[in-house]
Amino acid sequence: MSRIPRGLLLVLVLLTGCNRTSPELVKSELASLQACEEMARDGLRPIAASREDRFLGKVQLPTAVCRGGNGAAQFRKTPWVDWTNYWGAGDASSKAPDFVKQAGHLGPTQRGVDGALLDLEYERIELIKFNLFDNNGTYKDYVSGRGGVGGPALKTWKEMRLPPANPDYARVGGSGDQVCKGELIRHRNVNGICNDLFNPLMGSTGQLFARNVTFDTTFPDQGRTALTKNRHGDRLGLMKPDPQVISRKLFTRQQADPGKCNNGYGLPGFSKDADCDYKKAPFFNVLAAFWIQFMTHDWFSHLDEGHNQAEYMPVGCASQKVNGVEKPLTPEDAKKLGCRPGDQIDKAYVADNTDPKQFSKDGKTYSERAPKTFRNNVTAWWDASQIYGYDDRSRIRVKRDPKDPAKLLLPAISGRTVAGDQQGYLPTLAASDPMNPEWAGQEATAFPDNFTIGISFYHNVFAREHNAFVDEFRKQAARTPDADAGLRNPAQPARVIRYRDVTPDELFEAARLVVAAEIAKIHTIEWTPQLLYGEPLYLGMNANWNGLLGDHAPEVSEALRQIVSRSFGTSRDVKKATQWYSVFASGPGIFGLGSRVYADDPVLALIDPNKKDIWDLSNPQHVNGGVNHFGSPFNFPEEFITVYRLHALVPDLLEYRDLATPNEIKNKIPVVETFQAKATDAMRSRGLSNWALTMGRQRLGLLALQNSPMFLQNLKIPRLNSATQQIDVAALDLIRDRERGVPRFNEFRRQYGLRQLTSFDDFVDQHVPANSPENASQKQLVAALREVYGQHLCDSSKVITDAQRNEDGSPINDCLGHPNGSMVDNIEDVDTVVGWQAESTRPHGFAISETQFVVFILNASRRLYSDRFFTSSFRPEFYTQLGLDWVINNGPGPAQIEKGTPNGHSQPVSPLKRVLLRTMPELTAELNTVVNAFDPWARDRGEYYSLDWKPRSGAEADDAFRKR
Ligand code: HEM
């Protein structure tokens, strides 16, 4: 990075002497090294002082050349981030030539990968600095500071106190200082209170969603500011442009033989002759699609018990642009498009739509919150609340085993006989359970909405896992009843709790902590590295979990140290410096941060067996000491929900297989035929492990335009009070985002520190050869975008944003660099969900787009940083010693190590693979060759992050590899 030594030239000369090398390669590497020296002379860029100066993922020419040669240099002018073109960031062909491999971190491949990591860390730091906007009333303090402490360094807020009406108000201190203690801090409370001891309300059920964009850029259709008016004119509205028309023109999957798909409903008898075409991701399986839906049910829900407001509204299919002019749709037009004017939906709940108060700071006026706010009706914590509940009502649906109340109830199902079946299946909801009538007959889970076979699958798997932990604990208790279980009661911190003393309730709650942490670990180091399948993100995500920099990338580590000391080391605001220092927790890892306390280093301590750990359960500063909210109480922002509208991942038909003949697709079962109670029938009649195999081998849908499931565009929802009782979920995705005031795509990107687009043509991937079929299909989508969103004559006197400036420092205006008065694309109006699906330029192996990715970088880190059970309370006192070891080693006993070195890394057997093997031992042969449970199980992973769709040895006969 900054220290590429001149001596490297000598290293290169030496290397060339002993390897087969072409003169061109040597020349090109010499040119790169010169660029590295030039980059080093310029030094590291400082962290941006203001939003307008922030890092946009674009680097200077010498930096690009140093890290990726001419290949990286040639894409600098595109709006897309540069790191993706660095050496080593793609598949084997992106690696540097053999002859410089030995140069290690100084060689081109590592320069590329290290450079990518550094770019990503800059992005994360600046996202934390510029993109936190809390809606609860704390924003004023964030901007102005309080009591001499800068806003971003604040750690407690009065808005996060329990209100007097809360049943636990007195227990946390009532009207005095509120500090959670005793029983309230032992485990994850069902409603999410007291995760942070000093901010009891934070993250609990019913709190307000936050924002990641400035409040005045939300609700662009209201034209509240001159900038928004200039940006969109009068072109936007809740139904403008028409959401169902957008869905049909831009989201519908093109079918070679529509009769065989039947709108996603397949053929009678689940015939395998059914076929619904979809764009597939070769490196990501259907298990991954349902995994993320399962996660979102834990993190957020705008709906309450599957409902919105009582009031209904139409949902479009009313007008379209014809030659740039909006015209009403005739019934024939609607029929041709396939949309339904009779559809209606219940309006979204709103928490507060009164005009927000304003305040001033340093001559600038700010809003205290967004013009409308909305509630998160589940806990925001990563606490497995979809399984265990998020309030008293949902807890009733969680069934405990009366024979051992530490366990979940999993009765055996008659006729199911393979090994894992002995662990049982979830019972169905009882008639007395609180529920939406349409959930009747489906399995009893805390979060029952939008239930299908995929959701049923994960609920059953993790219920079995919960019980597996309890069984192991009971075995240990039988072996060593008098041994210390590690658990402690904060009310009596000194009392040792022996295995024999642990009550069923205590064990149940410890098992919940373990399952929630396993889920977080699977998501962080197994799901995400497969979603973003390349070396930089493999290292980056492992960094979040295990700590990275020391081992894998010393150059990055050193560079980060320099940024810290330069940017913050001299800060006189000590608290602020500490806060920023925490950003670099990627050194020791976020997980377990603060779970050891040494006298000389209270927070960022790496585990050091020779040092005395003074962490103390009776000290709230230790129990809570590892969390960092960066001055803004934790909850998900509305923008996070937008980028998780991942309906395109779901195929219409599941390629059903069974373990007896895994290579054979026996049936094509429509996902919609497993909706609600039908999921439970499908689960019980076909068995958990056959569904594991089915979803493990099938590829999921790419997040791309014209790739939304047909069945979701035509979903029948009997609870709807409308003529059709049907809804187009893809159109609803747009409507909900508009109801919640999510900025449109281009401003969304600017707000998050990404480059804007200047026309729809920017969506065409410059890496793809011109005149190739792929290029032609991308151009066809550009034409469709232009048809739907239109164009206008631009006016360069209209400034449209204050989030960024043009490269020459001038304000960005309505013409986006085009001549004044010319016809420009309405790129500013594109709905964000449309925009990120239109991004065909993506980093190698990215199943999501870079716009979605920046939102993840910020919020995925924050939900770890803010949760004490993942940081300073990741301790045996809460998890039990067995529980802690279980999370660290991915199950009982020591860590198991995977055969070989997948993608060049020695790694433990992955956490989900271990869970699947425990809960379904009959999968042993099938999983033998699987390294990541989310990579299609019969795919050959190749050498280095290959995306090829080729069968692994033994699966050559798999139907999915046949050419059609
Ligand atoms: C496969 C079956 C699925 C069905 C039947 C389904 C159905 C729905 C419906 C009806 C809504 C609209 C709720 C409303 O605003 O009124 C919705 C929202 C949503 N869906 Fe899905 N969905 C499915 C899969 C997925 C998947 C795989 C994901 C991936 C993450 C996902 C993510 C979301 C998100 C983020 C929302 C917004 C939730 C909120 O506003 O709180 N869904 N889904």
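Predicted model: local features only at pLDDT ≥ 70, side-chain atom pairs only at ≥ 80, totals over all residues.
Residues are numbered from 1 along each chain as its sequence is written, and side-chain values use heavy atoms, with hydrogens and water left out.

Q: How many disulfides does a search of the whole structure find, and what pattern do they follow along the protein chain?
A: A disulfide is taken here as a pair of cysteine sulfur atoms within 2.5 Å. By that criterion the search of the whole structure finds five disulfides. With bonded cysteines counted along the chain, their pattern is 1-2, 3-4, 5-6, 7-8, 9-10.

Q: Which parts of the chain does the disulfide of Cys-36 and Cys-66 tie together?
A: The sulfur atoms of Cys-36 and Cys-66 are 2.0 Å apart, and the torsion about their S-S bond is about 90°, so this disulfide is right-handed. Helices (H or I, at least four residues) and strands (E, at least two) are DSSP runs, numbered from the N terminus. Because Cys-36 lies in helix α2 (residues 23-42) and Cys-66 in helix α3 (residues 61-73), the pair ties together parts 30 residues apart in sequence, namely α2 and α3.

Q: What is the relative accessible area of Cys-36, and is the residue buried or exposed?
A: Buried means under 20% relative accessible area, exposed over 50%, and partly exposed in between (1.4 Å probe, protein chains only). Cys-66, the partner of Cys-36 in the disulfide, counts as buried at 1% relative accessibility. Cys-36 is likewise buried, and its relative accessible area is 0%.

Q: Why is the disulfide of Cys-261 and Cys-276 called right-handed?
A: The disulfide joins Cys-261 to Cys-276 with an S to S distance of 2.1 Å. Cys-261 lies in helix α8 (residues 258-261) and Cys-276 in the loop between α8 and β1 (280-285), so the pair ties together parts that are 15 residues apart in sequence. The disulfide is right-handed because the torsion about its S-S bond is about 95°.

Q: Where in the chain do Cys-317 and Cys-339 lie, and how many residues apart are they?
A: A disulfide joins Cys-317 to Cys-339, S to S 2.1 Å, and both residues are buried. Cys-317 is in the loop between β2 (312-314) and β3 (319-322), and Cys-339 is in the loop between α10 (331-337) and β5 (344-346), which places these distant parts of the chain 22 residues apart.

Q: What is the distance from a polar side-chain atom of Arg-736 to an oxygen atom of the ligand?
A: A polar side-chain atom of Asn-308 lies 3.1 Å from a ligand oxygen atom, and one of His-647 lies 2.9 Å from a ligand nitrogen atom. For Arg-736 and an oxygen atom of the ligand, the distance is 2.7 Å.

Q: Which residues does the cis peptide bond join?
A: Most residues other than glycine have a negative phi, and most peptide bonds are trans. The cis bond has an omega of about -15°, and its proline, Pro-241, is in the loop between α6 (226-232) and α7 (243-251). The residues joined are Lys-240 and Pro-241.

Q: What is the phi of Leu-816?
A: Leu-816 lies in the loop between β15 (791-793) and β16 (823-825). Leu-816 is buried, with a relative accessible area of 7%. Although Leu-816 is not a glycine, its phi is positive, at about 50°.

Definitions and conventions:
Polar contact = N/O pair within 3.5 Å; in protein donor to acceptor, adjacent residues only side chain to side chain.
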